[in-house]
Amino acid sequence: MKAEIVAIGTELLLGQIVNTNAQFLSRECAAIGVDVYFQTVVGDNEQRLLETFKLAASRADVVICTGGLGPTQDDLTKDVLAGFAGRELIIHEPSMTAITDMFQTRGIHMVDSNRRQALMLADSDPLHNETGLAVGIAFTYEGTHFILLPGPPKEMKPMFSKHAVPWLQTKMTDEVPLYSKMLKFAGIGESNLEHQLLDLIAAQTDPTIAPYAKEGEVTIRITTRAQSADEGEKKLQSTEQAIRSRLSEHLYAEQDVPIEAVVVQLLAAKKLTLAVAESCTGGLLSDLITSIPGSSQPFLGGVICYTNALKHQLLSVPMEVLEGEGAPGAVSSETAVLLAEHISGKTGSDFGISVTGVAGPSPSEGKPVGLVYIGFAQKNKPTQVIELQLSGNRESIKHRAAKSALYQLWKQLKDQ
């Protein structure tokens, strides 16, 4: 069964809100064996809506619409579809009762336009709205199944999962659900990772292999069709093992989680602590770590020592290392070592990590943009330094440097 998702609202086209509904609906459709072939965003315009619905009906078996079910005059979804399908709009009495009761309970005058939220197409099935007022609708017209959902995610998600999916499943025949597994990698770029898997990707039929990248991380999704999780797991097993055998040193998780989550989990499980000294990343490494719930247990804190003065005053890096003729400079392995050792010493942490480099857009100390040194100090072990030459703009270099630091720490933690 082919599906098209139609997100309705001029605010989406203007970028005023992000269309997270499409991501949710695509994932949920795949889980029940419905393939999303198209995603469309259209504004609150009657003619363009009509053209969109006509096109969607011509190329999809099911059209899932979000938005345009509210009380205002620009909420046109039901009106346009009623005209398209040649059906009358009628009041869904249970929804109308819920709307009037809500206004009465709150002591608020209900204007007549609120009745629009209780409208539904004749000969359609209502979809109960558990968290809002607008009733959803499901109906079939000339072989195409239409599902109308509210735009707010807190209303749309429960309506789709609890009411639209069971309705849709009554219309399905031989669809087999997709079963996917995520493998997360760090310390390797997307192109390099793909190069090591080219033969597997070229020969893929079932399962399929799909790599995609975020800054500093790469995800591989392997997918098959299966009637159960056990069957899916068995069908994916040989492909997963082939990928693992080639990329095990970079595989940090078997679910879609960021590497900072795994690092925090490992630190907590091993009862180890971490402190960081950041220059070019400007606190980004600390921010990534503290975005993870429970990070307060292993993460003691950090220092943003952006200037040479603060590197010297707060973390006791000698000025003769930082500046002057023949000095290694702030962007150097020597400075990275001292920052990592001193932040660990001052905080008493098991690990001290430092990041110093040139994020750009201009060179610094005669050193190129993207040159980064990461220092790793650990109790009772020699301090290590990793030199990186990163590409991208200023924001990309900062993010990749922070993720690289987390990857290096993960490598040390996983074997302890």
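Visitor: How much space lies in the largest pocket?

Guide: About 620 Å³. A pocket here is an open set of points on a 1 Å grid over the protein atoms alone, where a 1.4 Å probe fits, with protein on both sides within 12 Å along at least five of seven lines. The volume is the space filled by probe spheres set on the points, which are joined across faces, edges and corners.

Visitor: What kind of model is this?

Guide: A predicted one: local features need pLDDT of at least 70, side-chain atom pairs count only at pLDDT 80 or more, and totals for chains, interfaces and linings use all residues. Residues are numbered from 1 along each chain as its sequence is written, and side-chain values use heavy atoms, with hydrogens and water left out.

Visitor: Which residues lie nearest the centre of the largest pocket?

Guide: Arg27, Ala30, Ser180, Met182 and Arg221, out of 19 lining residues. Lining residues have an atom within 4 Å of a point.

Visitor: Which element gives the largest share of that lining?

Guide: α2, with 5 residues. At least two residues each come from α2 (20–31), β2 (35–42), β9 (178–186), β10 (208–214) and β11 (217–225). Helices (H or I, at least four residues) and strands (E, at least two) are DSSP runs, numbered from the N terminus.

Visitor: How do β9 and β11 run?

Guide: Antiparallel, joined by 9 bridges. Tyrosine 179 has threonine 224 of β11 as its bridge partner. β9 also pairs with β12, again in the antiparallel sense, over 2 bridges. Two strands pair if DSSP finds at least two bridges between them.

Visitor: New topic. What is the strand order in the open sheet of 5 strands?

Guide: β14-β13-β15-β16-β17, with mixed pairing. The edge strands, β14 (299–304) and β17 (381–389), each pair on one side only. On average, neighbouring strands of this sheet are turned by 15° against each other, direction ignored. Axes are lines fitted to C-alpha atoms, for helices over the stretch in contact, and angles run from 0 to 180 degrees between N-to-C directions.

Visitor: What lies across β16?

Guide: Helix α15 (residues 394–414), at about 30° to β16. α15 also lies across β13, β15 and β17.

Visitor: How many residues are in the largest nonpolar core?

Guide: 38. A nonpolar core is a set of buried Ala, Val, Leu, Ile, Met, Phe, Trp, Tyr and Cys residues joined through side-chain atoms within 4.5 Å. Leu274, Leu285, Ile353, Val372 and Leu409 touch the most other members. α15 supplies the largest share, 9 residues. Apart from this core lies another, of 24 residues, including Val6 and Leu76.

Visitor: And what does valine 372 contact?

Guide: Among others, Val355, Ile386, Ile397 and Ala401, leaving aside neighbours within four places in sequence. Contact means heavy atoms within 4.5 Å.

Visitor: Last one. Is glutamine 297 buried or exposed?

Guide: Exposed, because its relative accessibility is 52%. Buried means under 20% relative accessible area, exposed over 50%, partly exposed in between (1.4 Å probe, protein chains only). Glutamine 297 is in the loop between α11 and β14. Its contacts, neighbours within four places aside, are Ala268 and Thr273.

Visitor: Is threonine 273 buried or exposed?

Guide: Threonine 273 counts as buried, at 16% relative accessibility. It lies in the loop between α10 and β13. Threonine 273 touches residues including Gln297, Pro298 and Phe351.
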